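Me: I would like to go through this model with you and ask, for each label attached to it, what the label rests on.

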Amino acid sequence: MKHRARKRFGQNFLRDPRVIQRIVDTVNPQADQLIVEVGPGRGALTAPLVSSGAELKLLEIDRELAAQLEMQYRDCPQVSVHTGDVLRMDLGEVTGGRSFRLLGNLPYNISTPLIFHVLKWSERIRDMHFMLQHEVVERMAAPPGGKARGKLSVMCQYRCQVQPLFTVPPEAFSPVPKVHSALVRLVPHQQPPVAVDDPAGFAKLVSHAFSMRRKTLRNSLRGLLEADQIERAGVDPGARAETLSMEQFAALAALMK
C-alpha cells in the first residue's frame, strides 16, 4: 500500500518483516476473537491478523489510508474500517459491547492520552499490545522511587498488569524516527491491586500528587489533604509522589472527602 507519511498524524509505518512477525507471534490472534487495531496505516499488521481469521475493527484517522483499507478488504466480511480520531471514539459502541483485544503501532504524539482513553473500557478488554516510544513504556512500568515514575505509571498499574516485551530499533519504521520503540502488553486486572472506593477521586489525587514533581506531598496535595491527614495514612508529608507505592496512594485517597 503506497502512501506518503503525514507528520500531523505522527505516522511511522512498520516495515521490518521480522519485527512484524514477532509482534504477530506475540499477540497470537485466534479466529474466535475480536481485535481492534488502532492506526493500521499501510496494513503491515493487518494482513497477518486477517489471515488468522479473527474479526477486525480497524480505526484509522487518515481518510486516504482508510479508503485504501476498505478497498483492500472489501471482500472480507470479518473486517470493518472505522474512520476518525480514536480519541473521540466510543470503543464500547465500536465493539457492540463485546469483549475485545487491542493492538496498535501508536503515534508518539497521542500515545499517553490514547492509553488513558482506552482504559475507560478496561473491563471489556482482554489485553492490549501497543508499540510505543521506549521511554513511554519505561514510564508505564516504572516502580516507586525512580524518575520515570509518574501519573502514567500509577494509573496504568492500577488498571493493568504492565509487561514490557521487546525493544524495536528506529530502522524498523518508515520514516525512521529519532527514538527507539518498544512493544508492551497490558492485561487489565480482574480485581485492582488495591481497594479504592472512589476511582475518580483516586485518579484526581494521583494527578495532583504528580502535578508538581519537585514539590513534596505537603504542597502538591494542598487543597485535597492536610499534612496531618497524610501522616494519618502512614505517609511522610515531606515525601515526593514518585516514592509512593500503590497502597500508599490508596490510603491517601481513602481520606479524601
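Predicted model: local features only at pLDDT ≥ 70, side-chain atom pairs only at ≥ 80, totals over all residues.

Me: Why is glycine 96 called exposed?

Reply: Glycine 96 has a relative accessible area of 60%, and because the label exposed applies over 50%, the residue is classed as exposed. Glycine 96 sits in the loop between helix H4 (91–94) and strand S5 (100–105), and its C-alpha atom is separated by 14 Å from that of glutamine 78, 18 residues away along the chain.

Me: What makes strands S3 and S4 a pair?

Reply: Strand S3 (residues 55–60) and strand S4 (residues 79–83) share 5 bridges in the parallel sense, and since a pair requires at least two bridges, the two strands therefore count as paired. Among the residues involved is leucine 58, whose bridge partner in S4 is valine 81. Between the two strands the chain passes through helix H3 (residues 63–72), and this β-α-β crossover is right-handed.

Me: How do you know that the radius of gyration agrees with a compact globule?

Reply: For 257 residues a compact globule would have a radius of gyration near 18 Å, and the chain has 20 Å, which agrees. The C-alpha atoms fill a box of roughly 65 × 40 × 30 Å along the principal axes.

Me: What share of the chain is called buried, and on what cut-off?

Reply: Buried residues make up 49% of the 257 residues, the label being given under 20% relative accessible area. Of the contacts with a separation of 6 or more, 64% join residues 24 or more positions apart.

Terms used. Residues numbered from 1 in each chain as written. Heavy atoms only, no water. Helix = DSSP H or I, 4+ residues; strand = E, 2+ residues; numbered from the N terminus. Right-handed = clockwise from strand over helix to strand, strands pointing away. Rg over C-alpha atoms; globule rule 2.2 N^0.38 Å. Buried < 20%, exposed > 50% of the residue type's maximum accessible area, 1.4 Å probe, protein only. Contact = heavy atoms within 4.5 Å.
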